Amino acid sequence: MRIAKKTLTFRAFMRLSLLLAGAGLAAATWAAEPAPKDTTASNPLGGKAAPPVAAKAAAGQPRQITWEELVPKDWDPSKEFKGMDLSALNDGDPRANELLMKMQEVSNNAPTNPAMNGADIKIPGFIVPLEEAKGEVTEFLLVPYFGACIHTPPPPANQILHVVTSKGAKFRAMDTVWVTGKLQTLRNDSMMGVSGYHVNATSVTKYTGGAK
């Protein structure tokens, strides 16, 4: 039950972010433009699939994780915005700009899960390129849903991984991949978003379904 509550508060925060950064703070937009569904290991393209049980890794092998595991169980990003009447805010309202700035601050400073620091992990997600060399991506952000950081506002920092590859990967923006490597709770600021985690990737492979 606690996991379900955490997921709901996270989604509520994402809906609020999309609303404020999108079509002018109209309450109708919130209803018409729900946030993208969370990506999970069994459902990396989003949708209504139920999140899987966390996989147990064999000895010496990376553990397949879900995006939910990166969020501290007691973190509620929407608590500072509860009770606010968004329908009372119009385009150009200074209070709307102040609220957007506050939301951005909460998102950029979203806490990481210390239990994940140093873990050897495998996780699916979408690529947001940061650095390329000879047509290959050498540094990128990994995000949990399509369009994040490019077509929609960045997710909270604890839902963005800063990935550096040991060798270039032949992928483009928003390609779906598996990333394997050591996870660190290390903040990084980039022009595309603030990440709360860093991964030195040992492999970046195309997602083809399942845990292959």
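Author: A charge sits over a ring if NZ of Lys or CZ of Arg is within 6 Å of the ring centre and within 35 degrees of the ring normal. Keep that rule in mind for this predicted model.

Reader: What makes K122 count as lying over the face of W178?

Author: K122 is placed 5.0 Å from the ring centre of W178. The cut-off is within 6 Å, so the distance passes. K122 therefore lies over the face of W178.

Reader: Which aromatic pair does W178 form?

Author: First, the count: the structure holds two aromatic pairs. One of them joins F126 and F146, at 6.0 Å centre to centre and with 85° between the planes. W178 and Y207 form a pair as well, at 5.3 Å and 40°.

Reader: Why is the pair of F126 and F146 called edge-to-face?

Author: Start with the centres. They are 6.0 Å apart, and a pair needs centres within 6.5 Å. Now the planes. They stand at 85°, and over 60 degrees counts as edge-to-face. So F126 and F146 form an edge-to-face pair.

Reader: Why is the pair of W178 and Y207 called tilted?

Author: The planes of W178 and Y207 make an angle of 40°. Stacked needs under 30 degrees, and edge-to-face needs over 60.

Reader: What do the two pairs tie together?

Author: F126 belongs to strand β2, residues 120-133, and F146 to the loop between β3 and β4, so their pair links parts 20 residues apart in sequence. W178 is in strand β5, residues 176-184, and Y207 in the segment after β8, so this pair links parts 29 residues apart.

Reader: How do you know whether F126 is buried or exposed?

Author: Its relative accessibility is 3%. Buried means under 20%, so F126 counts as buried. W178 and Y207 are both buried too.

Reader: Is H162 buried or exposed, and how do you know?

Author: The relative accessible area of H162 is 6%. That is under 20%, so H162 is buried. H162 lies in strand β4, residues 161-169. Leaving aside neighbours within four places in sequence, its contacts include L130, F140, N188 and Y197.

Reader: What makes the phi of K134 worth a remark?

Author: Most residues other than glycine have a negative phi. K134 is not a glycine, yet its phi is near 55°, a positive value. K134 sits in the loop between β2 and β3. Its relative accessibility is 88%, and exposed means over 50%, so K134 counts as exposed.

Reader: What about the phi of C149?

Author: C149 also is not a glycine, and its phi is positive, about 75°. C149 is in the loop between β3 and β4. At 10% relative accessibility, under the 20% cut-off, C149 counts as buried.

Reader: How many helices and strands does the protein chain have?

Author: The chain has three helices and eight strands. From the N terminus the order is α-α-β-α-β-β-β-β-β-β-β. Of its 212 residues, 44% count as buried.

Reader: Where is the pLDDT below 50?

Author: The mean pLDDT of the chain is 76, and 67% of its residues reach 70 or more. Over residues 19-36 the pLDDT is below 50, and this stretch has 31 contacts in the model beyond near neighbours in sequence. Residues 44-54 are also below 50, with 22 such contacts. Where pLDDT is low, the predicted coordinates should not be read in detail.

Terms used. Residues are numbered from 1 along each chain as its sequence is written. This is a predicted model: local features need pLDDT of at least 70, side-chain atom pairs count only at pLDDT 80 or more; totals for chains, interfaces and linings use all residues. Side-chain values use heavy atoms; hydrogens and water are left out. Helices (H or I, at least four residues) and strands (E, at least two) are DSSP runs, numbered from the N terminus. Buried means under 20% relative accessible area, exposed over 50%, partly exposed in between (1.4 Å probe, protein chains only). Contact means heavy atoms within 4.5 Å. pLDDT is the predictor's confidence in each residue, from 0 to 100.
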